[in-house]
Amino acid sequence: MADVELGAPMFKAVVVKKDVTPVAVVLKVRYHRKHFFDGKRKVFTLEVPFGNSTWQQDRYNLAQMLQPGDELFVDGYGEEWSDPLYHNALQRKWNLRFF
């Protein structure tokens, strides 16, 4: 696991695609646009391993429930994440299209 800087800023991101395996949940994620008229940002991979500890298994279960269009907060390195926001189908489509 990488060293995490305390107080590092977290940025809102949208889940574009999700692949679930028994060992990890692989999320394709992109950060929100800075402005509405800017182009979509580059998609990057966020991997959530199943792990041995209860904390890692809880994160795996949270990531497993995410759908494309749901949002979460990701650090600037694209490694740590927190606070998933689950949305209804209409909001998820809106997020994928415009964010």
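**Rings in the model**

Mentor: Let's start with Tyr60, which is buried at a relative accessible area of 6%. This is a predicted model, where local features need pLDDT of at least 70, side-chain atom pairs count only at pLDDT 80 or more, and totals for chains, interfaces and linings use all residues. Residues are numbered from 1 along each chain as its sequence is written, and side-chain values use heavy atoms, with hydrogens and water left out.

Trainee: Why is Tyr60 called buried?

Mentor: Buried means under 20% relative accessible area, exposed over 50%, and partly exposed in between (1.4 Å probe, protein chains only). Tyr60 has 6%, so buried it is.

Trainee: And what makes Phe50 partly exposed?

Mentor: Its relative accessible area is 33%, so Phe50 falls in between those cut-offs.

Trainee: How do you know that Phe50 and Tyr60 are edge-to-face?

Mentor: Rings of Phe, Tyr and Trp (its six-membered ring) pair if their centres lie within 6.5 Å; planes under 30 degrees apart are stacked, over 60 edge-to-face, the rest tilted. Here the centres are 5.0 Å apart and the planes at 90°, so the pair is edge-to-face.

Trainee: What makes Arg59 sit over the ring of Trp81?

Mentor: The rule wants NZ of Lys or CZ of Arg within 6 Å of the ring centre and within 35 degrees of the ring normal. The charged end of Arg59 sits over that ring, 4.4 Å from its centre.
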